[in-house]
Structures are given as structure tokens and as C-alpha cells.
Amino acid sequence: MSNPVQRPDVRIIPKALMMIGEEAIRSRDGLETGGILLGTDDGQEIVIRHAGGPGPKARREFHRFLRDLSHAQQLAELAWREDQSQWIGEWHTHPSGDVTPSNYDLEAYAQHLHDPELGFKRFLTIIVGITRTDEITAVAWIVDQETALPVPVAVGDDREGTPAPQSPADKDRK
């Protein structure tokens, strides 16, 4: 029996939130868009320090979004070098305005959670809904192998969650 989802405190720094908002507007065309979320998850607190865009080779469709994996990997490497942020989840839009995970979303998260190379115990996702009248809402979800629970997200300081400088040996990790 696995452990139930724990509701951690979730914070997002303003520059990551702004990136999501700027990219999410593209869903006015009726197609999903999104990107990866990078930061830290210490078990009790998740700090989102970076949000990526879809990348030039992303596939945007009415009911799903497939990010450009090469682009996402480059963003992850840059974030790791900058502040040791790691892949903690993803965000994407639902142009319908529904901010609950679709069956397709849940299947994708289950694949991430079952992939031993990724090492996820839980997965953070933010779903942004945009209506035809440009109303925007967003809900963050913590997903584990059994459930998906909505969690509140606080906007933190740009420096929040930045780890202390590490030794050169630590920086070579990853």
C-alpha cells in the first residue's frame, strides 16, 4: 500500500508565474500550450522557481499538449546550473476553461510516476483555464499513484527557496 498524497506548501516565484501567464495567453487560439516546472520539493514544501514554455517542436492540439522534449531538457540543465532546480512537474492550458486533469493528463502523470528513472513520488501540475472571454483561472494539483488533489499556491519572493551555494563537487552532480 502506498502512502497517500501529502499536501505540501506550494510557492511559485513571480518570474515563473509571469512566464506561465504570458505563454497561456496563446491558448486563445483554442489549442493547449504549456511547459515544465522546475524547482525544489523537500517533501513538505514545493518551490516553483522556473516555468518553461512549450519549445519550438511542441505539438499543440485541442485536447492535449506535447512539449518539445529537447527544449525541456535544455531548460532543466540551465535551471540546474543556476540554482539546482529539478523537474518537479508541468503546467498546461485547457482552452475549455476546465481546470481539472483530463484522463489523458492523468495517464501521462501515471507514466511519469511509474518510470523508475524519473524517481517521482508525486507530480505537481498546474492547469490553466482560459475562456473565450479571456477569463483566466489556474489550479495546482499534486498527483500520486492513487489520487490527484488540488493544492493552494502562494506567490513567493524571487529569492525564495534558492539553495545555499554548493561546493564545486556538488555542482558537477547531474
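A nonpolar core here is a set of buried Ala, Val, Leu, Ile, Met, Phe, Trp, Tyr and Cys residues joined through side-chain atoms within 4.5 Å. Buried means under 20% relative accessible area, exposed over 50%, partly exposed in between, with a 1.4 Å probe and protein chains only.

Now the ground rules. This is a predicted model: local features need pLDDT of at least 70, side-chain atom pairs count only at pLDDT 80 or more, and totals for chains, interfaces and linings use all residues. Residues are numbered from 1 along each chain as its sequence is written, and side-chain values use heavy atoms, with hydrogens and water left out.

Core first. The largest nonpolar core has 19 residues. Ile20, Leu37, Ile48, Trp91, Leu124 and Ile126 touch the most other members. At least two residues each come from S1, H1, S3, S6, S7 and strand S8 (136-143). S7 gives the largest share, four residues. Helices (H or I, at least four residues) and strands (E, at least two) are DSSP runs, numbered from the N terminus. A separate core holds eight residues, among them Phe120, Phe123, Ile127 and Trp141.

Next, the sheet. Eight strands make an open sheet with mixed pairing, in the order S9-S8-S7-S6-S2-S3-S1-S10. Two strands pair if DSSP finds at least two bridges between them. At the edges sit S9 (148-151) and S10 (153-155), each pairing on one side only. Neighbouring strands are turned by 35 degrees against each other on average, direction ignored. S2 (residues 34-41) and S3 (residues 45-51) pair antiparallel, over five bridges. Leu37 has Ala51 of S3 as its bridge partner.

What lies across the sheet? Helix H1 (residues 14-24) lies across S1 (9-12), S2, S3, S6 (86-94), S7 (123-130) and S10, at about 55 degrees to S3. Helix H2 (residues 69-83) also packs on the sheet, touching S2, S3 and S6, and makes about 25 degrees with S2. Contact means heavy atoms within 4.5 Å. Axes are lines fitted to C-alpha atoms, for helices over the stretch in contact, and angles run from 0 to 180 degrees between N-to-C directions.

Last, helix H3 (residues 103-114). Which of its residues are buried? Asp105, Ala108, Tyr109, His112 and Leu113. They sit on the same side of H3 because they cover an arc of only 140 degrees around the axis, taken from the directions from the helix axis to the C-beta atoms. They pack against S6, S7 and S8. On the other side, Asn103, Glu107, Gln111 and His114 are exposed.
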